[in-house]
Amino acid sequence: MLFHIKQSHAPADCPYGKGGSRSLFDENAGGVSVRGYWLAFPQHTTYLIVETDSAAALQAFLKPGAGVCTAEITPVTDQPVA
């Protein structure tokens with residue numbers, strides 16, 4: 001299943017110079033594949049498309065940023081509803 005993730009942090013919690021925005025998620029978390037990644041630097045927001053079939057894997061993927069980020073997670077598809 002595909003998920004669109006909007007991950008935002010406060011300017012005071014910005015990881016710029018401290019690992020960067022990719023430090024806010026674990027790309028090596030088992031069971032999650034990153035399909036797309038975009039950064040809106042002035043808004044302190046990243047956008048990701050990930051694929052997983054496990055809520056636990058998705059939580060592990062987002063765990064590094066859990067203390068400083070808010071994540072909005074939306075299931076998405078490219079298949080229209082019949």
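Predicted model: local features only at pLDDT ≥ 70, side-chain atom pairs only at ≥ 80, totals over all residues.
Two strands pair if DSSP finds at least two bridges between them. Strands themselves (E, at least two residues) are DSSP runs numbered from the N terminus, as are helices (H or I, at least four). Residues are numbered from 1 along each chain as its sequence is written, and side-chain values use heavy atoms, with hydrogens and water left out.

Strand E3 covers residues 45-51. Strand E2 (residues 33-40) pairs with E3 in the antiparallel sense over 7 bridges. Strand E1 (residues 2-9) also runs antiparallel to E3, and 7 bridges join them. Here Glu51 is the bridge partner of Leu2. E2 and E3 form a hairpin with 4 residues between them, and His44 in the turn has a positive phi of about 55°. How much of E3 is buried? Of its 7 residues, 5 are buried, where buried means under 20% relative accessible area, exposed over 50%, and partly exposed in between (1.4 Å probe, protein chains only).

Glu51 also takes part in a salt bridge, that is, a side-chain nitrogen of Lys or Arg within 4 Å of a carboxyl oxygen of Asp or Glu. Its partner is Arg35, and the closest N and O atoms are 2.6 Å apart. Because Glu51 lies in strand E3 and Arg35 in strand E2, the pair ties together parts that are 16 residues apart in sequence. Glu51 is partly exposed at 31% relative accessible area, whereas Arg35 counts as exposed at 53%. The whole structure holds 2 salt bridges; one of them joins the side chains of Glu27 and Arg22 (3.1 Å, N to O).

Arg22 also lies over the face of Tyr37, at 4.0 Å from the ring centre. A charge sits over a ring if NZ of Lys or CZ of Arg is within 6 Å of the ring centre and within 35 degrees of the ring normal.

Rings of Phe, Tyr and Trp (its six-membered ring) pair if their centres lie within 6.5 Å; planes under 30 degrees apart count as stacked, over 60 as edge-to-face and the rest as tilted. The structure holds 3 aromatic pairs. The centres of Tyr16 and Phe41 are 5.6 Å apart and their planes stand at 70°, so this pair is edge-to-face. Ring pairs also link Phe25, Tyr37 and Phe61 into a cluster.
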